[in-house]
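Me: I am new to this structure. Please show me how to read it, one feature at a time.

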Amino acid sequence: MADECFRHPRLAAIYDALDPERGDLDAYVSTAQELGARRVLDIGCGTGVFPLMLASHGIEVVAVDPAEASIAVARGKPGSESVRWFHGDATALPPLCVDLATMTANVAQAIVDTQVWHQTLQGAYAALRPGGYLMFETRDPARRAWEEWNRQATHGVTQVPHVGVVESWVDLVDVRLPLVTFQRTYVFVTDRQRLTSRSTLCFREREEVIEDLVAQGYVVEEVRDAPDRPGREFVFLARRPGPAEDADSYRTPLPQPERDAAGRYGTA
C-alpha cells in the first residue's frame, strides 16, 4: 500500500510543490535515450513527473502506481493524454513489450516486503522485451542517510499555488536495519489542518540487490554512482537476456567497487 503522502488527495496535490527539484531524473532520461528506448514502463510513477518528461521526448510510456490520488494528479497535467496510466503495481499489468523499465527515487526501497520485491522484479522482467533493461536506484546503507532525517534539517515553509503556505518536516521514528521508518508532518496554515505520513524504506546492500536481480534471471550490466548524489546511492542497470544468451553464466555477483578518497564509488 502506498504511503499517506501519495494516497491522501490533499497531500498528493502538493507533492510536486514540496519537491520541485528533480534533477535526479535527468540521468534516467539520458540513459533511456542512450539505450534507444522507444517504449518505457515507469513503476511507481507517483504524480507523473518522469513519465511526462519521457513523453516530451517522443517516448511511449506506460506508468503505474498504487496510489490513486497520485495517478489523479498525473492525469490532470498537461500532456498526460500521451501516457498510459495504470492504478496498481508491476504484478498486475497487461501484456507489455518495453525497452526499458524504471523505478526512480525511493520506489525500490519503498517495497520493503521481500516477496513483493521479488514479485516486482518478476513483473518488470515480464514487461521487458528480450534484451530490454531495468534501471533503478537505492541508497547506500553505509552512508546512513537517516541520520539527517530530523525536524531541524528538514523543516520547510512553502508557498503552494492555490493552496497557501504549507509547513513540513521529517522525524525519524525507528531504525531496525535494513528497515528505517520516518514520519512526514504537514501543516496547512490557511486552516491549520495537520496531516502526517509514515514511511518505511528498506536499505538493501549492493550485493543483496545484485543477487536478487540474478535470481530473477537478469544480467546485471552495471552499478553506477548517482550523478546528482555521488557516493550516496547505487544506480542499477540490469537486462533481460536475449533468447540466445545463457543467463546462468551471469550468476556470479559483481565485485564490490572501491571507494575513492572522498568516499565515492566508481562504476562496476
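Me: Which residues of helix 9 are buried?

Reply: First, the ground rules. This is a predicted model, where local features need pLDDT of at least 70, side-chain atom pairs count only at pLDDT 80 or more, and totals for chains, interfaces and linings use all residues. Residues are numbered from 1 along each chain as its sequence is written, and side-chain values use heavy atoms, with hydrogens and water left out. Helices (H or I, at least four residues) and strands (E, at least two) are DSSP runs, numbered from the N terminus. Buried means under 20% relative accessible area, exposed over 50%, and partly exposed in between (1.4 Å probe, protein chains only). In helix 9, the buried residues are Arg206, Val209, Ile210, Asp212, Leu213 and Val214.

Me: How does the spacing of residues matter in a helix?

Reply: An α-helix has 3.6 residues a turn, so residues three or four places apart point the same way.

Me: What do the buried residues of helix 9 pack against?

Reply: Contact means heavy atoms within 4.5 Å. The partners are helix 7 (114-127), strand 5 (128-139), strand 10 and strand 11 (233-239).

Me: What follows helix 9?

Reply: Glycine 217 follows, with a positive phi near 100 degrees. Glutamine 216 sits in the loop between helix 9 (206-215) and strand 10 (219-225).

Me: Is glutamine 216 buried or exposed?

Reply: Glutamine 216 counts as buried because its relative accessibility is 18%. Leaving aside residues up to four places away in sequence, glutamine 216 touches His118, Leu121, Gln122 and Tyr125.

Me: Which side chain makes a polar contact with the side chain of glutamine 216?

Reply: A polar contact is a pair of N or O atoms within 3.5 Å; within protein, one must be able to donate a hydrogen and the other to accept it, and residues adjacent in sequence count only if both atoms are side-chain atoms. Here the partner is the side chain of glutamine 122, at 3.1 Å.

Me: Where is arginine 144, and what does its side chain join?

Reply: Arginine 144 is in the loop between strand 5 and helix 8 (151-154). A polar contact of 2.5 Å links its side chain to that of glutamate 147. Arginine 144 counts as partly exposed because its relative accessibility is 39%.

Me: Now helix pairs. At what angle do helix 3 and helix 4 cross?

Reply: Axes are lines fitted to C-alpha atoms, for helices over the stretch in contact, and angles run from 0 to 180 degrees between N-to-C directions. The axes of helix 3 (residues 26-34) and helix 4 (residues 49-56) cross at roughly 40 degrees and come within 10 Å. Helix 3 is therefore oblique to helix 4. Angles under 35 degrees count as roughly parallel, over 145 as roughly antiparallel, 65 to 115 as roughly perpendicular, and the rest as oblique.

Me: Is that crossing of helix 3 and helix 4 left-handed or right-handed?

Reply: A crossing is left-handed if the near helix is turned anticlockwise from the far one by less than a right angle, and right-handed if clockwise. Helix 3 and helix 4 make a right-handed crossing.

Me: Which residues meet there?

Reply: Helix 3 brings Asp26, Tyr28, Val29 and Ala32, and helix 4 brings Phe50, Met53 and Leu54. By class, this contact has six nonpolar, no polar and one charged residues. Ala, Val, Leu, Ile, Met, Phe, Trp, Tyr, Cys and Pro count as nonpolar, Asp, Glu, Lys and Arg as charged, and the others, Gly among them, as polar.

Me: How do helix 2 and helix 5 cross?

Reply: The axes of helix 2 (residues 9-18) and helix 5 (residues 68-75) come within 9 Å and cross at roughly 50 degrees. The two helices are therefore oblique to each other. Their crossing is right-handed. Pro9, Ala12 and Ala13 of helix 2 make the contact with Ala69, Ser70 and Val73 of helix 5. That gives five nonpolar, one polar and no charged residues.

Me: Which peptide bond is cis?

Reply: The bond from leucine 177 to proline 178 is cis, with omega near 10 degrees. Proline 178 lies in the loop between strand 7 (164-176) and strand 8.

Me: What is phi at histidine 162?

Reply: Phi there is near 65 degrees, a positive value in a residue other than glycine. Histidine 162 counts as exposed because its relative accessibility is 88%.
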